Amino acid sequence: MSGEDEEIRGSGETAGDGIRGTAPGTAPVPLSVLDLVTVGAGSTAAAAVRTAVDIARTAERRGFHRYWVAEHHSMPGVASSSPAVLLAHLAAHTERIRLGSGGVMLPNHAPLVIAEQFGTLEAMAPGRVDLGLGRAPGTDGATAAALRRTERLHEGADDFPQQLAELTRFLDDSFPDGHPYAKIHAVPGPVQATSPGGVQSAHRPPLWLLGSSGFSARLAGSLGLPFAFAHHFSAANTVPALDLYRASFRPSEVLSEPYALIGVAALAAEEEHEARRQVLTGALSMVRLRTGRPGLVPSPEEAEAYRFNELERDFVDSWLGNVVHGTPDAVRQGLDDLAKRTGADELMITANAHGGAARLRSYELIADAYGLPG
């Protein structure tokens, strides 16, 4: 193991602290929420943020374990380009639920800036902030180039382990003597606890690695970190990536055994037909995104009226085959089967649809299906 690995592994979290959840009601594993803060046609980003608050508060009331937002850029239908700003707003409207990034795209940012942002969030919501990190840009190549701190487009992703080590050093205030950054401190952060008269908690957000392939799975396992896999858009890779994570896992101060969650696209409605109408809006959004035409999330009426060509229809059928949707009982069965098939330690549900009401209702129905309180 390299010295760089030691930097990341020795991050000071006690085993399971802020990571492992408890399965609520009759759910097979802890349930959580991934919210893309989607903007539907005819609506606004302001309305999407209000819906995000409603979903976070509903998730908290019903016993979901955590609520994450994901960094995306240059996508009119996704209002989550700035996770730290959104999480600060959500922290002010919730009390208990864990809040985090699923994820912040590390190559887009200076590690010190992320450490400062999430140190500030930790001060706002002590003990309930997660820092999930991805190595992709969260957008298309041209936008990625505009975001980069380097002229070389792929440099950030290639340097991900080094960036991760640097970020961890800033979070822990642990650069060794003689390092160029030894006298630089991320504030709020642990340095405040060691300053004269300091009473600041040394606790900091636990790190998660996110991925849709094997790279981050292997890295998370070798560092003993929790891992989140994007099953909702890379379903074919889910089991291989989780197997690789578990095979690569080495116990650390953070975790004594592997802990992996998977993102799951799921939407419940009282009637199967209505659930199908709602998820078709997300499928059409993906068709447009994949063909270079990103836009607002279309309404169910627009999605039903759209004439898919043969290639688009094949894509939609494949896409919807990985979306758990239908009546509450059908969704519960689908989630149970997925948890059993993958062995995931946690399911993070994302409900992508045009309107906030349908998404909110879906989370309530899923909670009811598992007998969650509230």
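Let me begin with a term: a polar contact is a pair of N or O atoms within 3.5 Å, where within protein one must be able to donate a hydrogen and the other to accept it, and where residues adjacent in sequence count only if both atoms are side-chain atoms. What you see is a predicted model, in which local features need pLDDT of at least 70, side-chain atom pairs count only at pLDDT 80 or more, and totals for chains, interfaces and linings use all residues. Residues are numbered from 1 along each chain as its sequence is written, and side-chain values use heavy atoms, with hydrogens and water left out.

Now to the chain as a whole. The protein chain has 15 helices and nine strands, where helices (H or I, at least four residues) and strands (E, at least two) are DSSP runs numbered from the N terminus. Its radius of gyration, taken over C-alpha atoms, is 20 Å, close to the 21 Å that the globule rule (2.2 Å times the number of residues to the power 0.38) gives for 374 residues, so the protein chain is as compact as a globular protein of that length. Of those 374 residues, 55% are buried, meaning under 20% relative accessible area with a 1.4 Å probe, protein chains only.

Let me turn to one residue. Arg66 is found in strand 2, which covers residues 66–69, and because its relative accessibility is 0%, Arg66 counts as buried. Which side chains does the side chain of Arg66 join through polar contacts? One is that of Asp130, at 2.8 Å, and another is that of Glu346, with a polar contact of 2.8 Å.

Key. Buried means under 20% relative accessible area, exposed over 50%, partly exposed in between (1.4 Å probe, protein chains only).
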